[in-house]
Amino acid sequence: MFSSLRVRNYRLFFSGQVISNIGTWMQRIAQDWLVFTLSGNNPVALGIAVACQFTPTLLLSLWAGVLADRVDKRRLLMIIQSANCVQAVLLGVLDLAGVAQLWHVYVLCVLLGITSAMEVPTRQSFVAEMVGRDQVANAVALNSSIFNMARIVGPAIAGFAITWVGTGWLFIANAASTVAVISGLALMNPAKLFRGPAVPRGKGQLREGLSYVRRRPDLITVMVLMFFVSTFGITYFTSLPIVAANVFHTEADGYGLLSTLVAVGTFTGALASARRGTRGRPRVRLLVVSGALLGLFEVITAFMPTYLAFGIGLIPLGFATITFLNTANTLVQTSVSPEMRGRVMGLYVLVLIGGNPIGGPMTGWMAETFGGRSPFYLGGGLSLIAAVVCALVLIRRGGVRLPVRRFRTEPRILRR
C-alpha cells in the first residue's frame with residue numbers, strides 16, 4: 001500500500017503535502033464560512049466565490065500544461081507555493097483587522113484560482129517524475145489519501161477553531177503550512193527524478209496536445225464523464241455549508257462535522273485505491289461504476305431526514321467520489337506518453353475544475369430556488385445519467401484502444 005514511499009524524493013513531497021493539505025482545508029472551510037457570514041448566509045454569494053476561484057482554470061490550465069512540459073516542474077511548484085502563501089497572508093490580515101469585505105474575498109479567490117490553475121497540472125504530472133511509471137498508480141492514490149486525511153483533520157480543526165478564534169488565524173495557519181511543501185521540494189535530489197526529455201519551446205504545442213486527445217476515444221470518454229460528474233455531482237462540497245446552516249440550522253462546527261464525515265469516506269476510498277495501485281493500472285469499468293455509484297449515493301443522501309442520517313450518508317458518497325477521481329487520474333497519467341503528460345493533464349484539470357464556474361453559481365441558485373437539498377439530488381441524478389450513457393457507449397464500441405508508451409506508438413488494448 002505504501003510502496004512509493006520507498007522513493008526519497010516522494011517521501012519529502014508526501015511529508016510536505018500532509019502538513020500543507022491540512023492548512024488548505026482549514027482555509028477552505030474558513031473562507032466559505034467568512035463568505036457566508038459577510039453575505040448574511042446568502043447561498044448565491046458562496047457560489048460567486050467558487051466561480052471566482054475556479055474561473056482562472058478555464059483560461060490558464062491548458063497553458064499551464066504546456067508550461068509544465070517545458071520547464072523544471074519542481075522549481076515551478078516552489079514559485080507557486082510561495083504565491084499561495086502570500087494570498088493566505090493577505091486574506092488573514094484583512095480578516096484579523098476586521099476590514100474584510102466580500103469583494104476582498106472575491107479578488108483573493110481569483111488570485112488563488114490563478115495559482116491553482118498553474119499548480120494542479122504541474123503537481124499531477126510531477127508525480128510520475130518522482131516515482132517512475134511503475135509506481136504512478138500507487139503514488140496517485142497515496143496523494144489522495146493524504147489529501148483526504150487532511151479533509152478529515154482540517155475541517156474538524158477549522159469548525160471548532162472558527163468558534164474560538166474566528167476565521168482570520170486559520171488563513172495565517174495555512175500560509176505557514178506552505179513552508180513545509182517548499183522545504184520538501186528544496187530538499188529533493190533532482191538527479192533522482194524520472195524526467196523525460198524537455199519539450200522545446202515552439203508553436204502549436206497546445207494544439208498538438210488537443211489533437212493527441214482527440215485521436216484517443218478512451219481519453220475522450222474519461223474527459224466527458226469527468227466533466228459531467230465534476231460540474232454537477234462533486235459540487236456537493238459547495239452545498240455542505242448551505243445544508244448545515246439552512247437545512248439543519250447548525251453553526252460552523254456542524255458544517256465542519258459534515259465535511260469530516262465526507263472525508264472519512266474519501267480517506268477510506270483513497271487507501272483502498274492505494275492498495276489497488278500496487279496491482280497495476282485500474283480498469284475503465286471501475287471508472288464508470290464508481291461514477292454511477294457517486295450519483296446514486298448523492299441522490300439517496302439528499303433525502304435523508306435527519307442531520308445524523310445525512311452525515312452518515314456522506315461516508316459512502318465520499319468513498320465513491322475518491323474512487324472515481326483516483327481512477328480517472330491514474331488512467332490518464334498511465335496511458336499517455338511522457339512528453340505529452342503535462343498538456344494532457346492540463347486538459348484533465350480544465351475538465352475537472354473548469355466546470356466549477358458553472359456548477360458553483362448553479363448550486364447557489366438551486367439551493368435558493370428549490371431548497372438546500374436540491375443540489376444533491378439534481379447533481380447526483382445528472383452524474384448517474386452521464387455514467388450510464390458513457391457505459392452504453394463503451395459497451396457499444398466493444399473495446400477501447402490506447403497507446404501507452406510513446407507518442408504515436410502502436411495501440412494497445414486497455415483492460416476493461
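Helices are taken here as DSSP runs of H or I with at least four residues, numbered from the N terminus. The model described is predicted.

Under the rule applied, four salt bridges are counted in this model. Side chains of opposite charge can pair when their charged atoms come close. One of the bridges joins R123 to E119, with an N to O distance of 2.6 Å. Both residues belong to helix α4 (residues 102-131), where they sit four residues apart, about one turn of the helix. E119 has a relative accessibility of 9% and is therefore classed as buried, the cut-off for this class being under 20%.

Another bridge links R343 and E208, at 3.0 Å from N to O. R343 is part of helix α13 (residues 341-354) and E208 is part of helix α7 (residues 205-214), so this pair ties together parts that are 135 residues apart in sequence. The two partners fall into separate accessibility classes: R343 counts as buried at 6%, whereas E208 counts as partly exposed at 30%. A further bridge is formed by D72 and R75, whose closest N and O atoms are 3.9 Å apart. In this pair D72 is partly exposed, with 24% relative accessibility, and R75 is exposed, with a relative accessible area of 54%.

The largest nonpolar core comprises 81 residues, and Y348 and F376 have the most contacts inside it. Residues of this core come from both domain 1 (7-144 + 165-191) and domain 2 (204-397), so the core lies between the two domains. When neighbours within four places in sequence are set aside, the contacts of Y348 are M223, M226, L325, A328, N329 and V332.

T323 is located in helix α12 (residues 307-334). With a relative accessible area of 5%, T323 is buried. Apart from neighbours within four places in sequence, T323 is in contact with G269, S273, R276, L286 and S290.

On the surface, a nonpolar patch is formed by L96, F160, W164, V165 and W169, which together have about 610 Å² of accessible area. The most is contributed by helix α5 (residues 136-165), which supplies three residues to the patch. F160 lies in this helix. The relative accessible area of F160 is 43%, so F160 is classed as partly exposed.

Technical notes:
Residues are numbered from 1 along each chain as its sequence is written. This is a predicted model: local features need pLDDT of at least 70, side-chain atom pairs count only at pLDDT 80 or more; totals for chains, interfaces and linings use all residues. Side-chain values use heavy atoms; hydrogens and water are left out. Patches are made of residues with over 30% relative accessible area and no salt bridge: like charges are joined within 9 Å, nonpolar side chains (Val, Leu, Ile, Met, Phe, Trp, Tyr) within 5 Å. Accessible areas come from the Shrake-Rupley method with a 1.4 Å probe; for residues, only the protein chains shown count as cover. A salt bridge is a side-chain nitrogen of Lys or Arg within 4 Å of a carboxyl oxygen of Asp or Glu. Helices (H or I, at least four residues) and strands (E, at least two) are DSSP runs, numbered from the N terminus. Buried means under 20% relative accessible area, exposed over 50%, partly exposed in between (1.4 Å probe, protein chains only). A nonpolar core is a set of buried Ala, Val, Leu, Ile, Met, Phe, Trp, Tyr and Cys residues joined through side-chain atoms within 4.5 Å. Domain bounds come from an automatic or database domain assignment. Contact means heavy atoms within 4.5 Å.
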